[in-house]
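Hi there,

Here is the structure I promised to pass on to you. Please have a look at it first, and then read my notes below.

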Amino acid sequence: MLDFRRLHVLHTVAEAGSMTKAAEILAFTPSAVSQQISALERQAGTPLVVRLRRGIQLTEAGRLLADHTSALLDRLDTAQRELDDLVHLRAGRLRMATFPTASARLLPEAIATFRRTHPDVELTLRSHPSARSLELLRSGSIDLAVVFTYAFADVIDLHDLHTVPLVRDAMHIVLPADHRLAGAPTVDVADLRGESWIQNHDPLCSRMLTHICGLAGFTPRVVFDSDDFTTVSRLVEAGLGMAVVPDMATDQMTSGVVLKPLQQQFSRQIYAVTAEKANPATLGMLGILTRTHRAPRARREPVAVSG
């Protein structure tokens with residue numbers, strides 16, 4: 001393969017019209033320029049320059065290589081400008097994925113802040129279960145995922161990714177307004193043995209409900225599931241079952257239900273997750289999420305919950 005540095009010397013000689021002028025431009029000696037041209041001619045297997053009394057003249061092969069080198073230098077200049085735009089967030093893209101409640105509660109403010117600062121970056125957001133978001137992140141289909149997990153089990157794998165803990169999202173029991181425990185300050189899940197349950201059909205949320213009830217000594221009898229929290233609330237309001245919802249979904253509850261803290265506190269941890277090597281736009285959004293939503297380090301809550 002032809003040496004690009006020597007091609008650059010040839011291009012400079014062609015532009016300058018002489019070895020001496022090219023040497024001044026390149027901060028070389030005329031002898032060094034001549035040696036570079038001679039070495040390139042050996043690589044090319046043909047003369048590239050005819051040395052005249054005053055200056056030089058390119059051969060047909062020399063003109064061909066000089067023209068191609070000029071095009072390559074233009075492409076490199078373009079690449080440098082585009083790289084500068086990317087690094088300084090004047091261009092590029094940011095592809096994100098998260099779960100529905102984070103789309104509604106965590107991301108809008110962060111996205112608005114990002115757009116005000118970096119309006120030329122193309123930004124997209126998709127809604128997926130946390131496990132699917134991580135699959136997309138590992139495959140390179142997205143750049144940043146906001147996911148959640150629970151302390152009771154290794155329900156999602158984060159070992160090869162860069163994770164930033166954002167907030168802990170506490171769980172609440174949702175009861176009909178006329179339920180016998182509606183006036184209690186807190187609710188012990190064991191007191192709801194025998195009740196019907198409405199669950200979110202996200203796999204992690206289903207495991208969470210089974211886990212909480214299991215620690216209280218029973219298996220929940222699930223009669224409905226929905227990924228829409230307003231629907232969950234309406235079903236509870238109609239007296240069709242109980243539900244457990246995160247704090248971030250409480251604004252979707254209807255007026256005919258009451259929300260009660262669990263006696264045995266339980267929450268999910270929300271993370272912002274990226275690949276170990278993230279692009280500038282991803283790092284910019286990660287910084288915004290961290291400043292906006294990162295909570296102070298808290299004591300890890302117990303995995304076990306007494307019944």
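Let me begin with aspartate 3. Leaving aside its neighbours within four places in sequence, aspartate 3 is in contact with Leu40 and Gln43, where contact means heavy atoms within 4.5 Å. Aspartate 3 sits in the segment before α1; helices (H or I, at least four residues) and strands (E, at least two) are DSSP runs, numbered from the N terminus. With a relative accessible area of 17%, aspartate 3 is buried; the cut-offs are under 20% relative accessible area for buried, over 50% for exposed and partly exposed in between, with a 1.4 Å probe and protein chains only. The side chain of aspartate 3 also reaches the backbone nitrogen of arginine 6 at 3.2 Å.

Before going further, a word on the basis: this is a predicted model, in which local features need pLDDT of at least 70 and side-chain atom pairs count only at pLDDT 80 or more, while totals for chains, interfaces and linings use all residues. Residues are numbered from 1 along each chain as its sequence is written, and side-chain values use heavy atoms, with hydrogens and water left out.

Now to the helix pair. Two packed helices are described by the angle between their axes and the distance between the axes. Helix α1 (residues 4-16) packs against helix α3 (residues 30-44) at an angle of about 115 degrees, and their axes are 9 Å apart. Here axes are lines fitted to C-alpha atoms, for helices over the stretch in contact, and angles run from 0 to 180 degrees between N-to-C directions. From α1, the contact is made by Arg6, Leu7, Val9, Leu10 and Val13, and from α3 by Val33, Gln36, Ile37, Ala39, Leu40 and Gln43. By class, the contact of α1 with α3 has eight nonpolar, two polar and one charged residues; Ala, Val, Leu, Ile, Met, Phe, Trp, Tyr, Cys and Pro count as nonpolar, Asp, Glu, Lys and Arg as charged, and the others, Gly among them, as polar.

For α3 itself, the 15 residues should span 21 Å at 1.5 Å a residue, and the end C-alpha atoms are 21 Å apart, which agrees. The expected span of a helix is 1.5 Å times one less than its number of residues. The buried residues of α3 are Val33, Ile37, Ala39, Leu40 and Glu41, and what covers them includes α1, α2 (19-26) and β1 (49-51). After α3 comes glycine 45, with a positive phi near 75 degrees. In the loop between α2 and α3 lies alanine 27, which has a positive phi of about 60 degrees although it is not a glycine. Alanine 27 counts as exposed, at 69% relative accessibility.

Helix α8 (residues 203-215) has 13 residues and reaches 18 Å from its first C-alpha to its last, close to the expected 18 Å. Aspartate 202 caps the N-terminal end of α8, with a side-chain oxygen 2.8 Å from the backbone nitrogen of leucine 204. Among the buried residues of α8 are Cys205, Met208, His211 and Cys213, and the elements covering the buried residues include α7 (130-139), β5 (144-150) and β6. Just after α8, glycine 217 takes a positive phi of about 95 degrees.

Helix α10 (residues 280-293) is capped at its N-terminal end too: a side-chain oxygen of asparagine 279 lies 3.2 Å from the backbone nitrogen of alanine 281. The buried residues of α10 include Ala281, Met285, Leu289 and His293. Leucine 89, in the loop between α4 (60-87) and β3 (93-98), is in contact with His118, Val121, Pro280 and Ala281, leaving aside its neighbours within four places in sequence. Leucine 89 is buried, with a relative accessible area of 11%.

Threonine 101 is in helix α5 (residues 100-105) and counts as buried at 3% relative accessibility. A polar contact (a pair of N or O atoms within 3.5 Å; within protein, one must be able to donate a hydrogen and the other to accept it, and residues adjacent in sequence count only if both atoms are side-chain atoms) of 3.0 Å joins the side chains of threonine 101 and arginine 268. Valine 164, in strand β6 (residues 162-176), is buried with a relative accessible area of 8%. Valine 164 and valine 273 are 109 residues apart in sequence and 6.4 Å apart in space, C-alpha to C-alpha.

Best wishes
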